[in-house]
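Take a look at the fold below.

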Amino acid sequence: MEGVIGMPASTDAAPNAAQLAAQWASDARWEGIRRGYKAEDVLRLRGSVMVEHTLARRGAERLWRQLREREVVAALGAMSGGQAVQMVRAGLEAIYLSGWQVAADANLAGQTYPDQSLYPANSAPALVRRLNNALRRADQVESVEGGATRDWLVPIVADAEAGFGGALSAYELTMAMIEAGAAGVHFEDQLASEKKCGHLGGKVLVPTGQYLRMLTAARLAADVAGAPTVLIARTDALGATLLTTDVDERDQRFLTGERTMEGYWRVEPGLEPAIARGRAAAPYADLLWFETSTPDLDQAASFAEAIHAEHPGKALAYNCSPSFNWRKHLDEPAIARFQKELGRLGYRFQFITLAGFHALNASMFELAGGFAQRGMAAYVDLQQRELALEAEGYTATRHQREVGTGYFDAVSEVVSGGNGTTGAMNGSTEAAQF
């Protein structure tokens, strides 16, 4: 039977409240997860039309499988579509999207910012969409060449900062991330208006209860969107010395009794408050992350043991940060085994936040310095390096092919019934010389 105008033709495929609640209760995906709202609330907020968010759903399902089946899921921070493609081509099966990198050189304001939530709030979702578009193009290019040889649409875990506001802002930002195709999203427990990079000073925490409401809002957005988004809760309590208010009794034992000129309460930083916040957030998140100031396995072990004492098997995340001077803290054997040691402790998702920023800048600095001193010889060295990398699967030497010229030739060929004469690759210098 046809549906009434303005109403869905059928709602048979949509779960009712009882079915949704039963799924939450029985599906292993949601074991140990606390929502604080009812299935009826989710269905009421969905509206009459359910939009399918394929990339977000597919990515979240894949990421969750990886976290269950592997000791370590490794990722690098990408800040361009091209970087995302190279990461997947080289063998990585997840991508991290850093708010720091968005602030620095990938935001919609077209500005260079420090990591203090100064950029437009829709910048990270826009970059998620850009990365996914690049990965889709790579899949299309391979498909017209005879079939894709890998699953290009790897999970993207995106930084939602401190939410750019309160619970409603967290809800909307999570929804935007899902619409862009993010598989996972993380939030931190800082005050949005004073947010700082975890490796800067002056960090101001919000009360534990306020942070849990933000995580609840993010989970609600994912449920309303129908995506099993992987939600990561990050605490900056290890290094933060300020708190907005003493209202939450869970925070009171860390107060010093002092106030600042801005009205904030001073709190003791350290592992103990980080553990307390991790334990509080555990029922609301899929993974826990405490931001650290050094690559310290003993500290990581203490955090993991304390969390797992109350929440056995809870997956953890670790930032292998470029803010650490790694060789100052660890020797080569310790660096080599660092990720495996973390994996054994339960740190399933391990990532280098600013990998894209540092790789981009270091490689361009080297090329520019060589070009300034040696001219074309420096660029030819780069080209020869690219050609040598082709043996390992690198393809960007042929840049016309890389961005989809052959794919659009295939589109043109279909449109012209196979009789077209304006194909771009035939007769190109790339086809002739590479």
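Strands β10 (residues 287-290) and β11 (residues 315-319) run parallel and are joined by three bridges. Tryptophan 289 sits opposite alanine 317 in β11. Strands count as paired if DSSP finds at least two bridges between them. Strands (E, at least two residues) and helices (H or I, at least four) are DSSP runs, numbered from the N terminus.

This is a predicted model: local features need pLDDT of at least 70, side-chain atom pairs count only at pLDDT 80 or more, and totals for chains, interfaces and linings use all residues. Residues are numbered from 1 along each chain as its sequence is written, and side-chain values use heavy atoms, without hydrogens and water.

Eight strands close into a barrel with parallel pairing, in the order β1-β2-β3-β4-β6-β10-β11-β12.

Now the helices. Helix α8 has 18 residues and reaches 26 Å from its first C-alpha to its last, close to the 26 Å expected at 1.5 Å a residue. That expected span is 1.5 Å times one less than the number of residues. Of the 18 residues of α8, 16 are buried, so the helix is largely enclosed by the rest of the structure. Buried means under 20% relative accessible area, exposed over 50%, partly exposed in between (1.4 Å probe, protein chains only). Glycine 226 follows α8, and its phi is positive, near 75 degrees.

Here are some elements by residue range.

| Element | Residues |
|---|---|
| Helix α8 | residues 208-225 |
| Helix α12 | residues 332-345 |
| Strand β12 | residues 347-352 |

How values were computed. Contact means heavy atoms within 4.5 Å. Axes are lines fitted to C-alpha atoms, for helices over the stretch in contact, and angles run from 0 to 180 degrees between N-to-C directions.
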